[in-house]
Amino acid sequence: MWYGLRLCHHADLRQGHTLHTHTLKRTRLTLYVFNHVDRSKVTIKTLNRMYKNGEPITMMTAQDYPSALMVDRAGIDMCLVGDSLAMVTLGYDSTNPLTVDEMLFHCRAVARGSKAPFIVADLPYGSYEADPTDAVRVSLRFLKEGNVEAVKIEGGSEMAETINRITRVGIPVVGHIGLTPQRQSALGGFRVQGKTAKQAQRLLEDALAVQDAGAFMMVLEAIPEEIAAYITHRLKVPTIGIGAGVRCSGQVLVQNDALGLFDRFVPK
């Protein structure tokens, strides 16, 4: 059995779960008992099959062993060791101070807890932008020392050469366009991207360049739903939306946001 805690206002039963509810002051504490069932390992082949069949792909972040177990037991397809852990776990003001060694520490913990999902890790800010050779070296460390299965890189056409170099040595890459949090200072904060025709055209060009460079999947963040849907239609790889509407190939959530465990702001 796997026990998970949930804070909620209304109890809702999920199939295969036993529910115990206790009321603490004004907050209802719900205890889900997840009946652990072994499932097949999710691979890139699995994800491609889901994409071709039109099956939604689920992704959620994890930053340590307990959160990784939650992702695994919940039946999520992909587990992202996101650099968002810099803020939601380590308390930094942004994702930028996070180091490679800090990320590798968390990757190893997640890999010990998340067995079935396909594990992806963000490359930290400053570890891959300067030179494609540096990016290859750090990506190899994430697979070798962090025990993840793919890396995620923020950026559009300017990162195409880097993505191509990484994929050429056999490392799967997930792209990330739209709102790229590592560059939020240059973007004027955490703002929706692609609101004008010119911006939307640039996003499409970035998406196609990242795909052509070899990325097998792409995160679309904070993009108007119509633009995200059009990009998804034009691409031949799955798109994973976060704040990009419901017409992407799948969705990703930061686990701490989903559970209401982050104190600084509430995502829309």
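Start by selecting C79, which counts as buried because its relative accessibility is 0% (buried means under 20% relative accessible area, exposed over 50%, and partly exposed in between, with a 1.4 Å probe and protein chains only). This is a predicted model, in which local features need pLDDT of at least 70 and side-chain atom pairs count only at pLDDT 80 or more, while totals for chains, interfaces and linings use all residues. Residues are numbered from 1 along each chain as its sequence is written, and side-chain values use heavy atoms, with hydrogens and water left out.

Keep C79 selected and look for sulfur partners. A search of the whole structure turns up 0 disulfides (a disulfide is a pair of cysteine sulfur atoms within 2.5 Å). For C79, the nearest cysteine sulfur belongs to C107, 9.4 Å away. Another cysteine to click on is C248, which is buried at 11% relative accessibility.

Now zoom out and switch to a cartoon view. Of the 268 residues of the protein, 50% count as buried. Among contacts with a separation of 6 or more, 59% are between residues 24 or more positions apart (contact means heavy atoms within 4.5 Å).

Next, colour the strands from β4 to β11. Together, β4-β5-β6-β7-β8-β9-β10-β11 form a closed barrel of 8 strands with parallel pairing (two strands pair if DSSP finds at least two bridges between them). From one strand to the next, the twist averages 25° (axes are lines fitted to C-alpha atoms, for helices over the stretch in contact, and angles run from 0 to 180 degrees between N-to-C directions). Where do β4 and β11 meet? Select residues 57–61 and 250–253: 4 bridges join these parallel strands, and I57 has G250 as its bridge partner in β11.

D122 is buried, as its relative accessibility is 3%. Show its side chain and you can trace a polar contact to the side chain of K152 at 2.6 Å (a pair of N or O atoms within 3.5 Å; within protein, one must be able to donate a hydrogen and the other to accept it, and residues adjacent in sequence count only if both atoms are side-chain atoms). The D122 side chain also reaches the backbone nitrogen of D83 at 2.8 Å. Beyond four places in sequence, the residues touching D122 include L80, V81, M103 and F142.

Y92 sits in the loop between α3 (85–88) and α4 (100–113); at 26% relative accessibility, Y92 is partly exposed. Its side chain makes a polar contact with that of E102 at 2.9 Å. Finally, go to D72 in helix α2, residues 65–73. Is D72 buried or exposed? D72 is buried, because its relative accessible area is 6%. Setting aside neighbours within four places in sequence, D72 contacts R39, G113, S114, K115, A116 and P117.

Notes. Helix = DSSP H or I, 4+ residues; strand = E, 2+ residues; numbered from the N terminus.
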